[in-house]
Amino acid sequence: MFIVSCGTDLYGRKQNAKLEFPTCPTMTDLINTVESHFDILSRSSRPAAYPDIPFKVQTFQVYDDILLRWVDLYSSAQLTNGCQVFCFQPETIWHSDAQGIIPEAKDGVTWSTRVGSPRRGRVATDAGVAPALSEKLRSVFYDIDYGNKGYILYSDLRTAFRKADMEFTYATVGELFNIADQNREGHITYDKWVRFAIKYPGVIDALFFRSRDLAPSGTYAGIEYDPSSVQRARESVLRGYYNESWQGSVERQRAATEYEQAKREADAARMQKELAESKERRAWDKMYYSPASPRYY
């Protein structure tokens, strides 16, 4: 297991999630997972009067345990197991990243939806405040329960995740089903579903909002979807973000290098001056205060 803790700022509050991968993720996998996770969290925690804006990654920073500071993240080679990264979103009138303490990373189920999937879009724009967890888990339970049996089978849960286009990065549908079906009865009753929802509210939120956004495959709001072209466009935007950030980082690095060089030269000059003054004082002391000096007596 490869763990990456990712923090971000949502509505002025710092969030931090523990994301699990089978191996070190590529930058594309990391971006997809972070956008999928925090987009659902953003929708479920959006305050009233805030617009429904999809969560987008602009840049990342990772905390370097050797340098003991944050550095720009450009390659998955910079990631280490258990590292802490921070995701910056594009600045808008509704969002700006502010300094603050990042809380401890929360455990959860890690999943992602590929760029270009219709499930990444919005069919219905959210308005008002998100429903309570009790309302969402009840709605999801009866939506998943195919045939109104009063319980959920493994096939029902697998179909729901497939419809929502949720691809798990580490856990499997079978593992989640076994977690919910603790007494191994082969099905999930409503009581078990409530306990599962309390432990993994993010899964319930994802299924709830994705079920609202379900549309015929390949369409979104009456527009034909070409997943490959959407993914290329998104990757082009991300490359633009990172190129701009890279140029700024190079300039900052050049300025820091020049500053360090100037500081070293100033320190060397100061030491030379102090050494010269010390030699001069010793020479004056020897001239005026030695026993051979006429001023000694």
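Asp 267 is partly exposed, at a relative accessible area of 27%, where partly exposed lies between buried (under 20% relative accessible area) and exposed (over 50%), as computed with a 1.4 Å probe on protein chains only. The structure is a predicted model, in which local features need pLDDT of at least 70 and side-chain atom pairs count only at pLDDT 80 or more, whereas totals for chains, interfaces and linings use all residues. Residues are numbered from 1 along each chain as its sequence is written, and side-chain values use heavy atoms, with hydrogens and water left out.

Asp 267 pairs with Arg 270 in a salt bridge, with 3.8 Å between the closest N and O atoms; the term denotes a side-chain nitrogen of Lys or Arg within 4 Å of a carboxyl oxygen of Asp or Glu. The two residues are three places apart in helix α7 (residues 227–289), and therefore about one helical turn separates them. Helices (H or I, at least four residues) and strands (E, at least two) are DSSP runs numbered from the N terminus. Arg 270 is partly exposed, with a relative accessible area of 43%, and also forms a salt bridge with Glu 274 (3.3 Å, N to O). Arg 270 and Glu 274 are four residues apart in α7, again about one helical turn. Glu 274 is partly exposed as well, at 41% relative accessible area. An α-helix has 3.6 residues a turn, so residues three or four places apart point the same way.

Ten salt bridges are found in a search of the whole structure. One of them joins Asp 9 to Lys 14, with the closest N and O atoms 2.8 Å apart, and both of these residues are buried. Elsewhere, a network of salt bridges links Asp 145, Lys 149 and Asp 156.

The largest nonpolar core comprises 30 residues, and Ile 144, Leu 157, Phe 161, Trp 193, Phe 196 and Leu 207 have the most contacts inside it. Such a core is a set of buried Ala, Val, Leu, Ile, Met, Phe, Trp, Tyr and Cys residues joined through side-chain atoms within 4.5 Å. At least two residues of this core come from each of α2 (133–144), α3 (154–163), α4 (173–180), α5 (190–199) and α6 (201–212). The greatest contribution is that of α6, with six residues. Leaving aside neighbours within four places in sequence, Phe 196 is in contact with Leu 176, Ile 179, Ala 180, Val 203 and Ile 204, contact being heavy atoms within 4.5 Å. Apart from this core lies another, of 22 residues, among them Leu 30, Phe 38, Phe 55 and Val 85.

In α4, the buried residues are Val 173, Leu 176, Phe 177 and Ala 180. Viewed down the axis of α4, these residues fall within an arc of 100°, so they line one face of the helix; the arc is that of the directions from the helix axis to the C-beta atoms. Among the elements covering the buried residues of α4 are α3, β7 (167–168) and α5.

The structure holds zero disulfides, a disulfide being a pair of cysteine sulfur atoms within 2.5 Å. The sulfur of Cys 83 lies 7.8 Å from the closest cysteine sulfur, in Cys 24, which is too far for a bond. Cys 83 is buried, with a relative accessible area of 5%. Cys 87 is likewise in no disulfide, the nearest cysteine sulfur, that of Cys 6, being 5.3 Å away. Cys 87 is buried, at 0% relative accessibility.
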